Each structure stands twice: as C-alpha cells, then as structure tokens.
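Please examine the sequence and the three-dimensional structure shown here before reading on.

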Amino acid sequence: MSVDDKILSDLVANNVEFVTTVPCKQLAGVIDKIENSPDIHHVPSNKEDEGIGLCAGAFMGGKRSAIIMQNTAIGVTINTLVTLTQFYRLPLPMIISYRGELGEPVACQVEMAVHTKALLAQLHIPTYHFHHEDDVQELDAILKHTYMSNKPVAILTDATFWKGY
C-alpha cells in the first residue's frame with residue numbers, strides 16, 4: 001500500500017469525514033486520494049488559518065476533521081490554533097509537509113523550517129516527525145490519540161518521507 005493510500009485509509013478508519021488541504025507539491029498525491037474519496041468531504045483552502053477554521057466548524061457540526069498543509073504557514077496559524085482549536089479543545093490532526101531541510105531547492109522554505117518545531121513546542125502541540133515511509137504505520141495510533149485527547153497534533157512529513165523534493 002502506498003503512503004498516500006495508507007494516509008487515506010487511516011483517516012477513513014478513524015471516521016474523519018472532512019479534510020481541508022492547502023496545495024503543496026509533496027502532498028499532491030494524498031490530496032488527490034482525498035479529493036477522489038467517497039468517504040471524505042474535501043474542501044481546498046486558500047490559507048492554512050482559514051482551513052483550521054473550516055475544520056473547527058466541521059467538528060462543531062459533528063464531523064471529525066483534519067488539515068493537510070505545509071510547515072511554511074505555521075506562523076499564520078498560531079492565533080487560530082491557540083484561540084480556537086486549543087481554547088475550545090478541538091481535536092485536529094495536522095498532516096504537514098516539512099519543507100526547508102537539507103536539499104530544499106526553494107530558499108524561502110528554509111527559514112520556516114528553522115522555527116517550525118520550536119513554534120509547535122511553544123504551543124504545546126504534540127509533534128511527530130515522519131522521516132521514512134514505514135513511519136506512516138504510526139498514523140492510526142496518532143489519530144486515535146488526537147480524537148481521544150481533544151488536542152491538535154502535528155505530523156511533520158519531510159522530503160525523505162515523500163522521496164524527495
């Protein structure tokens with residue numbers, strides 16, 4: 001089973017019915033799988049903080065939700081994560097492409113990579129870092145933990161996980 005298929009399968013198995021995504025080259029395969037899934041209502045977002053708001057609304061409407069996004073937008077999501085997601089104890093799995101490490105071809109991506117983990121730690125958001133393809137086997141347990149604890153969780157997926165930039 002491909003990584004994209006496993007992510008979709010785990011989302012469906014954990015009753016995630018609403019997913020919003022912000023485009024990213026590394027995430028294109030899983031976004032396509034979600035878009036074509038009859039089990040998940042997919043709404044593309046223009047910005048990550050908008051997507052978090054959509055996920056909050058879906059959850060308040062009785063649907064489990066998730067967001068798929070790039071780490072370069074963590075900065076714009078801080079207020080929404082704190083004043084909406086954390087304050088109201090909303091579970092939110094965030095599958096995040098972790099851009100900016102060694103080999104990154106886009107210089108502006110590098111700067112946010114320096115700050116991503118520190119910002120998530122400052123917000124007390126549990127963070128998991130997927131480096132290798134078989135790390136995706138942890139996703140099911142992470143999703144279960146997220147919905148049990150009613151907290152946002154970040155799953156960072158780097159270029160080696162996605163097999164390159």
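This is a predicted model: local features need pLDDT of at least 70, side-chain atom pairs count only at pLDDT 80 or more; totals for chains, interfaces and linings use all residues.

Residues are numbered from 1 along each chain as its sequence is written, and side-chain values use heavy atoms, with hydrogens and water left out.

A nonpolar core is a set of buried Ala, Val, Leu, Ile, Met, Phe, Trp, Tyr and Cys residues joined through side-chain atoms within 4.5 Å. Buried means under 20% relative accessible area, exposed over 50%, and partly exposed in between, with a 1.4 Å probe and protein chains only. The largest such core has 25 residues, and Ile 7, Leu 11, Val 19, Ile 34 and Ile 68 have the most contacts inside it. At least two residues of this core come from each of helix H1 (3–13), strand S1 (16–21), helix H2 (28–35), strand S3 (64–70), helix H6 (139–149) and strand S6 (152–158). Helices (H or I, at least four residues) and strands (E, at least two) are DSSP runs, numbered from the N terminus. A second, separate core of 19 residues includes Phe 18, Cys 55, Met 112 and Ala 154.

Strand S6 is mostly covered, with 7 of its 7 residues buried. Pro 152, Ala 154, Leu 156 and Asp 158 point one way from S6, whereas Val 153, Ile 155 and Thr 157 point the other way. Two strands pair if DSSP finds at least two bridges between them. Strand S4 (residues 92–98) runs parallel to S6 and is joined to it by 7 bridges; Met 94 stands opposite Ala 154 in S6. Strand S5 (residues 127–130) is also parallel to S6, with 4 bridges, and here Tyr 128 stands opposite Ile 155.

The loop between helix H5 (107–122) and S5 holds Pro 126. Pro 126 counts as partly exposed because its relative accessibility is 26%. Leaving aside residues up to four places away in sequence, Pro 126 touches Pro 152, Val 153 and Ala 154, where contact means heavy atoms within 4.5 Å.

Where is Ser 65 relative to Pro 126? The two are 61 residues apart in sequence and 17 Å apart in space, C-alpha to C-alpha. Ser 65 is one of the residues that line the largest cavity, together with others including Ile 52, Cys 55 and Phe 59. Helix H3 (residues 48–60) gives the largest share of that lining, 4 residues. On a 1 Å grid over the protein atoms alone, a cavity is a set of points where a 1.4 Å probe fits but cannot get out, and lining residues have an atom within 4 Å of a point.

How values were computed:
On a 1 Å grid over the protein atoms alone, a cavity is a set of points where a 1.4 Å probe fits but cannot get out, and a pocket is an open set with protein on both sides within 12 Å along at least five of seven lines; lining residues have an atom within 4 Å of a point.
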